[in-house]
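Good morning, everyone. Please bring up the sequence and the model on your screens. We will walk through them together.

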Amino acid sequence: MSFGTEKDYEFLGKIGLATENPGGFINGKWKATGPVISTFNPADSQEIAKVTEVSIEDYEEGIRASSEASKLWKSLTAPKRGDIVRQIGDALRAKLDYLGRLVSLEMGKILAEGIGEVQEVIDMCDFCVGLSRQLNGSIIPSERPNHMMFEVWNPLGIVGVITAFNFPCAVLGWNACVALVCGNCVVWKGAPTTPLVTIAVTKLIAEVLEKNNLPGAIFTAFCGGAEVGEAIAKDNRIPLVSFTGSSKVGQKVQRIVSERFGKCLLELSGNNALIVMDDADIELAVRSILFAAVGTAGQRCTTCRRLYLHESIYQNVLDKLVGLYKQVKIGNPLEKGTLVGPLHTHQSKENFEKGIGAIKSQGGKIAVGGSTVGSDGNYVQPTIVEISPTAAVVKEELFGPVLYVMKFKSLDEAIELNNSVPQGLSSSIFTRKPEIFFKWIGAVIVV
């Protein structure tokens with residue numbers, strides 16, 4: 001079935017998508033026998049297409065086939081596996097603009113970010129081609145005469161990759177490219193709200209495997225809900241599970257995988273801080289803060305959520321930021337000039353409204369923004385809040401474009417505030433003084 005004359009959706013046919021799509025790539029074939037869901041455009045809340053999710057029976061069939069395919073895949077030389085990943089990168093590169101447009105359409109990030117995300121997967125393919133010729137082990141001298149020890153790295157078998165909506169294909173690339181060149185089969189469960197990205201990327205990978213007369217089960221993809229993710233976490237046939245998502249779900253995944261002595265990679269929440277010292281290049285800092293806080297509508301794990309300004313420059317920086325925020329174009333992420341698209345779901349929009357209510361109840365002052373935009377789509381205003389660093393809401397992650405701004409008097413105080421929340425992930429500092437930078441990163445400098 002085609003998409004008819006809907007202009008924004010016409011390109012989807014060029015990457016193998018239709019109005020109705022099976023959401024499982026299992027043993028080299030597209031099939032799914034679970035519930036039928038709709039995927040929506042967050043810009044206008046309209047349906048894009050329908051996807052049939054996989055059932056647990058489909059899952060079991062897929063894992064059995066993947067286990068069998070791993071016997072062949074791990075027997076290939078690492079450079080040969082690297083060449084397959086190279087071809088996957090080339091296939092993605094040939095459809096870069098279409099795939100980037102799909103990421104923008106289904107997830108809601110602006111087109112430049114959508115294309116940039118797909119490019120990240122291509123870059124990982126390129127990187128792992130080189131990595132496939134560097135899977136070296138060590139030769140270690142032994143204390144026993146006429147003996148030595150050496151190490152050889154062997155594949156695990158199957159790597160499970162569970163990805164989130166905010167980077168619906170980049171996170172796959174970071175995990176799957178490495179797993180594949182190391183001789184592992186990949187089982188991918190994409191986010192349930194971005195199934196078209198999962199399907200479109202998998203179709204290109206499937207074409208490469210078929211062209212090389214390799215089993216399709218080397219790469220398996222499932223569109224589905226929490227029950228599929230839980231099955232992956234519990235499955236002893238999957239020695240390593242990579243999960244990207246919330247801390248709450250990540251804790252559950254880690255507990256389940258650890259109980260069976262499996263390996264776990266987690267990329268979870270962030271409550272990232274940025275410090276601006278009194279000697280900083282203010283213009284550079286302001287431009288950087290803007291995109292760090294509002295890019296992807298604040299839905300990145302590395303989004304800047306806490307801004308600490310030296311008291312002597314506080315008002316100057318705040319005024320400049322407020323001025324820039326007022327110029328930010330909010331709108332359809334596919335339109336030229338848009339800097340901030342919608343939040344991904346209506347639930348995200350509701351969470352933003354609840355978060356603003358909590359901020360106000362805890363003494364936060366809205367410097368700019370703080371409201372939703374229109375009734376169609378999931379749009380909200382990028383928001384700056386002046387608030388006490390001791391407010392409870394500052395220590396939580398509100399997954400949206402909300403920036404808390406606070407003062408500090410000294411570097412030691414700024415570092416203490418930076419480390420005062422339970423979450424981590426990334427931090428930044430703006431200064432011209434090397435001694436400040438080195439103290440901030442924790443390096444020991446002998447003067």
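Let me start with a question: is Q119 buried, partly exposed or exposed? Keep in mind that this is a predicted model. Find helix α4, residues 111-131, because Q119 has its place there. The relative accessible area of Q119 is 26%. Buried means under 20%, and exposed means over 50%. So Q119 counts as partly exposed. Now look across to G89. Q119 and G89 are 30 residues apart in sequence. In space, their C-alpha atoms are 9.2 Å apart.

Now zoom out to the whole chain. We have 13 helices and 18 strands in the protein chain. The C-alpha atoms fill a box of roughly 75 × 65 × 40 Å along the principal axes. What about the radius of gyration? The protein chain has 24 Å. A compact globule with 447 residues would have a value near 22 Å, which agrees.

How much is buried? Of the 447 residues, 53% are. The protein chain exposes about 20,000 Å². Carbon and sulfur atoms supply 53% of that area. Next, contacts.

A quick word on charge. There are 45 positive and 47 negative side chains. The centres of the two sets lie 2 Å apart.

Let's move to the sheets. Look for an open sheet of seven strands. Its order is β3-β2-β10-β9-β8-β11-β12, and the pairing is mixed. Which strands stand at the edges? They are β3, residues 29-30, and β12, residues 263-267. Each has a single partner strand, so one side of each is left without a neighbour in the sheet. Inside that order, find β8, residues 158-162, and β11, residues 240-244. Those two pair in the parallel sense, over four bridges.

Next stop, β16, residues 383-386. T383 and V385 point one way from this strand. I384 and E386 point the other way. Exposed or buried? All of these are buried. Now the partners. Strand β15, residues 365-368, pairs with β16 in the antiparallel sense over three bridges. There, V368 stands opposite I384. Strand β17, residues 402-408, runs parallel to β16, and four bridges join the two. Here T383 stands opposite V402.

Hold on to V402, because R305 leads us back to it. R305 is found in strand β14, residues 304-310. Its relative accessible area is 1%, so R305 is buried. What does R305 touch, leaving out residues up to four places away in sequence? The list includes G270, N271 and N272. It also includes E397, L398, F399 and G400. And V402 is there too, along with L403 and Y404.

Now a hairpin. Strand β4, residues 36-41, and strand β5, residues 46-52, run antiparallel, with six bridges joining them. F40 stands opposite E47 in β5. The hairpin has four residues between the strands. Among the details to check is S45, which takes a positive phi near 65°.

I139 is in strand β6, residues 139-141. At 63% relative accessibility, I139 counts as exposed. Apart from neighbours within four places in sequence, I139 is in contact with M148, M149 and F150. V152 is 13 residues along the chain from I139, and their C-alpha atoms are separated by 9.6 Å.

Then there is L204, in helix α6, residues 195-211. The relative accessible area of L204 is 9%, so L204 is buried. Which residues does L204 contact, beyond four places in sequence? They are A91, L92, K95 and L99. L204 and A94 are 110 residues apart in sequence. Their C-alpha atoms are 10.0 Å apart in space.

To recap the residues we visited: R305 and L204 are buried, I139 is exposed, and Q119 is partly exposed.

Technical notes. Residues numbered from 1 in each chain as written. Predicted model: local features only at pLDDT ≥ 70, side-chain atom pairs only at ≥ 80, totals over all residues. Heavy atoms only, no water. Rg over C-alpha atoms; globule rule 2.2 N^0.38 Å. Buried < 20%, exposed > 50% of the residue type's maximum accessible area, 1.4 Å probe, protein only. Areas by Shrake-Rupley, 256 points an atom, 1.4 Å probe, with all protein chains shown as cover. Lys, Arg positive; Asp, Glu negative; His and termini not counted. Charge placed at Lys NZ, Arg CZ, Asp CG, Glu CD. Pairing = 2+ DSSP bridges. Contact = heavy atoms within 4.5 Å.
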